[in-house]
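Reader: I would like a close look at one part of this model: the aromatic rings and what surrounds them. Please keep it brisk.

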There are 2 protein chains.
Amino acid sequence: MRQREDKRGGKIRLKDISRRLGVSAVSVHRALSGKSGVSESLREKVIRTADEMGYIRNYAAASMKRGISRIGIVLPRDHGTLNLYFNYLWLGISDSAEELRYLNIETERLICEDEREQERILEKLLHSESGEYAGLITFFFTRNERIFDLVRRISGTGVSVLVIDDDPPELSDVSCIPSNETISSAVAADFVSLVAAENSSVLLSSGRLDSAVHERKRESFIAALRERRPDLREEIIEGYSRERESNVPLCENMAKRLREKGEVSAVYALTSHDNRAIVEAIEKSGRRRRIRLLGTDLNEESILLLRQGRMDAVIDQAAYQKGYRAFQLISDQIMKCLPGRRCSPQPIDIVMKANLDFHTPWRLREQEDIGGRMLRRE
Amino acid sequence: MRQREDKRGGKIRLKDISRRLGVSAVSVHRALSGKSGVSESLREKVIRTADEMGYIRNYAAASMKRGISRIGIVLPRDHGTLNLYFNYLWLGISDSAEELRYLNIETERLICEDEREQERILEKLLHSESGEYAGLITFFFTRNERIFDLVRRISGTGVSVLVIDDDPPELSDVSCIPSNETISSAVAADFVSLVAAENSSVLLSSGRLDSAVHERKRESFIAALRERRPDLREEIIEGYSRERESNVPLCENMAKRLREKGEVSAVYALTSHDNRAIVEAIEKSGRRRRIRLLGTDLNEESILLLRQGRMDAVIDQAAYQKGYRAFQLISDQIMKCLPGRRCSPQPIDIVMKANLDFHTPWRLREQEDIGGRMLRRE
């Protein structure tokens, strides 16, 4: 009946690691604290061995000696309301920063609304004084070689760089949290393929026509849907506005399409901007009962739409969790002097009424009256 | 543009906590290391304050002084194959134990296949020598007052107790990881309500007729489905076997029902035992294309069925994650001398082909040929 699983463990000291590897304790210390005087291959070996042996450094003490490390965060603005993807990224980053404050890490928000601004900021970072930045978190608006090159060069100066993006180019030593935007639209296609009626039409919002990310999302949705359900017709409905509140064209185009012939059995909002527009268009059409409504991103607004039964499901792209882990990963990298690495992805899940609570960020869970503002706006 | 978010942090010492609370450093030390000589209310206050201030104990060093802590784990057998709920619980527990081995914690498997065995084992634990067990992890087969009482008394002797179960009775100082089995069937109902055709029938497997858990799952599924889709007819199909391989009655009863009149548009396997039986029954009926198939629990077998497109979706009850967190939580409790607490629940999610990889435990992800055994068995 008795089956002991664990061997007796104990505290691992520098000495134990140096003995295991046959190198001096000084070299082990240098390797683990990111100091010069050891080769990079030995440093990697020491870090790996220390990790395997369960060596635990006192990072709080080490960070006191090291002084403040600054991480520059180059992302689009946090618009404050909890309704957009980047707002949740920022929220995740600042919650993680708050938890890790004892590590003596300081964050600096460097806002860029487009690639030109991003380029300017990265240029500045590249030419900042050595040691001014220990880390950089950013993402890519498009596949822009100039931006890739800047990121590569910043990383080359010894700054730890993390990119929240799918499929970044070969950037040695750059960490990555995949955003999995194309997987999120493939999950949407899986869901739509199960709920759509035979030989019906499926509508999807276009997203931004000049965005490479949105283009890839549309393509991945359509490819996956055609593979699973060749009987369906997918139709892209145009309309996108940076200001969610004024997304009138999409709503009107959607409503117009619904007045035409041809059964529509499912509608998919490609981005969080489109959630409300598709709900309103379908409600106007009076055909809600026969149409399945799938939104994107869990936020104040979509939580309320799910609760009210005005939307059936939402693809959660886990922006909060991505921000949270991005900051954790880069802090860990700076503290432990680790090389860049790809982080295991955040799941992309389908959220419906019954599992909504699991996915609601605690900040919104604590609000009794989620989306009160939304209700009043009507 | 610049916005500094973090205040300068530093290493917190016992002295800082004692100064903040106006008590002696000796009292703080006693409180944090679980020693007598301080009141329970002061201990709680010290722990809370230390936590708020970001105090980090060197648990590895403390555990060396403390010696080995043993945790008894009282659960049904691990059947080895990765196809059943409890197997994944065990896997999660042992992976977590492996990671925390430096804490000098030892696990002891105490297998119980029914309540009688569980009662006998808990009796033994209750009368074991003081200090022989630091912790206990268990669950409840039914709502049995005798078992509740034993758990209560074991907790009263100072053993840290954690129960992996929904809605456990008022047991002071007992930690809990909710299993959320009734939520999992409510999520199933949400999904079925979106995929089922109008006025059609929905079949569900009965599960064990003598199991209180399965009864609650059936009830919660039916209640949620009736609320969302009063036009549907739900029909319970009987058949359950402890040995998944010999689950012939369910398959036969299901096949018989499918030969009868009345459109069936969705079938739900209430437990992981039933996944294969419902797939086979529907394939025999030749009506696969018009029926949506929803299974329970992600495991070697269901992963393969999803990949092959023989099943449409699976409700993931996250057994691995529950086991993993159970062990983490109880170790943390023992190390930090914390009182029992309810852990935030693991999400219950719908897994389809496109998001399968996110939910596949790494052990199975590494296997190129997942479920090769399954294929050969056919």
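Author: Rings of Phe, Tyr and Trp (its six-membered ring) pair if their centres lie within 6.5 Å; planes under 30 degrees apart are stacked, over 60 edge-to-face, and the rest tilted. By this rule there are 12 aromatic pairs over all chains. The model is predicted, so local features need pLDDT of at least 70 and side-chain atom pairs pLDDT 80 or more, while totals for chains, interfaces and linings use all residues. Residues are numbered from 1 along each chain as its sequence is written, chains are lettered from A and ligands numbered from 1 in the order written, and side-chain values use heavy atoms, without hydrogens and water.

Start with A:Tyr85 and A:Phe86. Their ring centres are 5.5 Å apart and their planes stand at 85°, so the pair is edge-to-face. A:Tyr85 is buried, at 12% relative accessible area (buried is under 20%, exposed over 50%, partly exposed in between; 1.4 Å probe, protein chains only). A:Phe86 is partly exposed, at 21%. Ring pairs also draw in A:Phe139 and A:Phe141, which form a cluster with A:Tyr85 and A:Phe86.

Now A:Tyr320 and A:Tyr324. Their centres lie 6.2 Å apart with planes at 25°, so this pair is stacked. Both tyrosines are buried. Both sit in helix α13 of chain A, four residues apart, about one turn. An α-helix has 3.6 residues a turn, so residues three or four places apart point the same way.

The helix itself deserves a look. Helices are DSSP runs (H or I, at least four residues) and strands likewise (E, at least two), numbered from the N terminus. α13(A) covers residues 319-336, which is 18 residues. From first C-alpha to last, α13(A) reaches 26 Å, close to the 26 Å expected at 1.5 Å a residue (1.5 Å times one less than the number of residues). Of the 18 residues in α13(A), 13 are buried, which leaves the helix mostly covered. Just after α13(A), A:Cys337 takes a positive phi of about 50°.

Last, the setting. Chain A holds 16 helices and 11 strands. Of its 378 residues, 58% count as buried. Among contacts in chain A with a separation of 6 or more, 70% join residues 24 or more positions apart (contact means heavy atoms within 4.5 Å). The accessible surface of chain A is about 16700 Å² (Shrake-Rupley, 1.4 Å probe). Carbon and sulfur atoms own 47% of that surface.
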